[in-house]
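Here are some notes to read beside the structure. They are arranged as numbered points, and each can be checked in the viewer.

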Amino acid sequence: MLLSLVVHTYSLRYWFPAVVMLGTAPVYVLSWGACRVLTAVLPSRLYRRMDDHLYNIYQSLVLFFFENYTGVEIVIYGEVPKKKENVVYLSNHQCTADWIIADMLAIRQKALGHVRYVLKDGLKWLPLYGWYFSQHGGVYVKRSAKFDEKAMKKKLSSQTVLGTPMYLVIFPEGTRYNPELKKMISDSQAFATKEGLAALDHVLTPRMKASHVAIETMRDHLDAVYDITVVYEATLGKSSDRQPAPTMPEFLCKESPRVHIHFERVDMKEIPPESVFFRGWLHKRFEIKDQ
């Protein structure tokens, strides 16, 4: 009976923050709706400012649970700029907690409200969140031949014209790396080899379209690209084999005691505008991550 009580208490480490975060989501959306109505006849910049402020409040609550409540240790390699910048954030992708890592860096620059995402199209059907992320400036994209370049350019161009502060998060791999999915990894390596690129072992071959469109559409609006590599310490066991990254519930239950984040700021002039050279540049960045 005592063991059952201990197990039940342990599980509450996940359920308590989950209930709080999901329970406050409808209140947040209603607050946003009221803000949108009140600012309907006012300049778009004022609405964007209020929207970013509300988003900052809600994401601060989320971060409280993922960083302070869990007591996870965040180890950052590299110097994160103290001032806010308009950036595209490129990172490897292993689990749903990767979204929170972007917030952890953004809040250190007081830019949490400016975080927006490039998301795979299926996520737009998430209750409340899916619809709101689009309203907040997020972009939903489909993969491969179904990728709608014009729609992405149109949305990002409109925000550039408005001078919207931008902290655009993109995971170029297009899906999560999982060491247990051997076929996915081998297919990714085969594609790289076919394209004359180095095969990667610890990350997937990056897809370039969304990243290239985002950077070129907003090039004059951006200050830099942030190249981020994330390692969850729990994925490195006693053996040399990689383990799957923690899920959000596992992260909230402190299954990953430390998260290592390698940060590198890349100046815009270092990024080639031509698509063929951009592909090589992006793949080289992922070769470094792989190492």
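1. An unreviewed UniProt entry annotates residues 87-212 as "domain: Phospholipid/glycerol acyltransferase". Please keep in mind throughout that this is a predicted model.

2. In the unreviewed UniProt record, residues 14-39 carry the label "transmembrane region". In the model this stretch is 96% helix and 0% strand, with 37 Å between its end C-alpha atoms. Gly-33 belongs to helix H1, which covers residues 2-38.

3. Next, the nonpolar cores. The largest one holds 50 residues. Which of them touch the most other members? They are Tyr-167, Tyr-232 and Val-259. Helix H2 (residues 44-69) gives this core its largest share, 8 residues. Another core, of 28 residues, lies apart from it and includes Phe-147, Leu-156, Leu-222 and Phe-286. In soluble globular proteins, nonpolar side chains tend to be buried together.

4. Val-259 deserves a separate look. Beyond the residues within four places of it in sequence, Val-259 is in contact with Val-72, Glu-73, Ile-74, Val-75, Ile-101, Val-230, Val-231, Tyr-232 and Phe-251. Tyr-232, one of these partners, is listed with Val-259 among the core members that touch the most others.

5. On aromatic rings, the model has 19 aromatic pairs. In one of them, Tyr-89 and Tyr-167 have ring centres 6.0 Å apart. Their planes meet at 40°, so the pair is tilted. Tyr-89 is in strand E2 (residues 87-91) and Tyr-167 in strand E5 (residues 167-170), which puts the two 78 residues apart and makes the pair a link between distant parts of the chain. Both tyrosines, Tyr-89 and Tyr-167, are buried.

6. Ring pairs also build a cluster. Its members are Tyr-28, Trp-32, Tyr-47, Tyr-55, Tyr-58, Trp-99, Tyr-117, Tyr-129, Trp-131, Tyr-132, Phe-133 and Phe-171. Elsewhere, a charge meets a ring: the charged end of Lys-289 sits over Phe-286, 5.3 Å from the ring centre.

7. What is the side chain of Asp-227 joined to by a polar contact? The partner is the side chain of Arg-285, at 2.8 Å. Asp-227 lies in strand E6 (residues 224-232). With a relative accessible area of 8%, Asp-227 is buried. Leaving out residues up to four places away in sequence, Asp-227 touches Leu-90, His-262, Phe-263, Glu-264, Val-266, Arg-285 and Lys-289.

8. Why is helix H7 described as largely enclosed? Of its 9 residues (209-217), 7 are buried, so the rest of the structure largely encloses the helix. The buried ones are Ala-210, Ser-211, His-212, Val-213, Ala-214, Ile-215 and Thr-217. These residues pack against E2, strand E3 (115-120), helix H5 (149-161), E5, E6 and helix H9 (275-290).

9. Thr-217 shows some of this packing in detail. A polar atom of the Thr-217 side chain lies 2.6 Å from the backbone oxygen of Val-213. Not counting residues up to four places away in sequence, Thr-217 touches Lys-153, Leu-156, Ser-157 and Thr-160. Thr-217 and Leu-156 are 61 residues apart in sequence, while their C-alpha atoms are 6.8 Å apart.

10. Two further residues can be checked. Lys-110 is in the loop between helix H3 (98-107) and E3, and its relative accessibility of 68% makes it exposed. The phi of Lys-110 is near 55°, a positive value in a residue other than glycine. Most residues other than glycine have a negative phi. Ala-190, in helix H6 (residues 182-194), is partly exposed at 45% relative accessible area. The C-alpha atoms of Ala-190 and Gln-94 are separated by 20 Å, and the two residues are 96 apart along the chain.

Technical notes: Residues are numbered from 1 along each chain as its sequence is written. This is a predicted model: local features need pLDDT of at least 70, side-chain atom pairs count only at pLDDT 80 or more; totals for chains, interfaces and linings use all residues. Side-chain values use heavy atoms; hydrogens and water are left out. A nonpolar core is a set of buried Ala, Val, Leu, Ile, Met, Phe, Trp, Tyr and Cys residues joined through side-chain atoms within 4.5 Å. Buried means under 20% relative accessible area, exposed over 50%, partly exposed in between (1.4 Å probe, protein chains only). Helices (H or I, at least four residues) and strands (E, at least two) are DSSP runs, numbered from the N terminus. Contact means heavy atoms within 4.5 Å. Rings of Phe, Tyr and Trp (its six-membered ring) pair if their centres lie within 6.5 Å; planes under 30 degrees apart count as stacked, over 60 as edge-to-face and the rest as tilted. A charge sits over a ring if NZ of Lys or CZ of Arg is within 6 Å of the ring centre and within 35 degrees of the ring normal. UniProt positions are given in the numbering used here, feature names are shortened, and annotations may be inferred rather than shown by experiment. A polar contact is a pair of N or O atoms within 3.5 Å; within protein, one must be able to donate a hydrogen and the other to accept it, and residues adjacent in sequence count only if both atoms are side-chain atoms.
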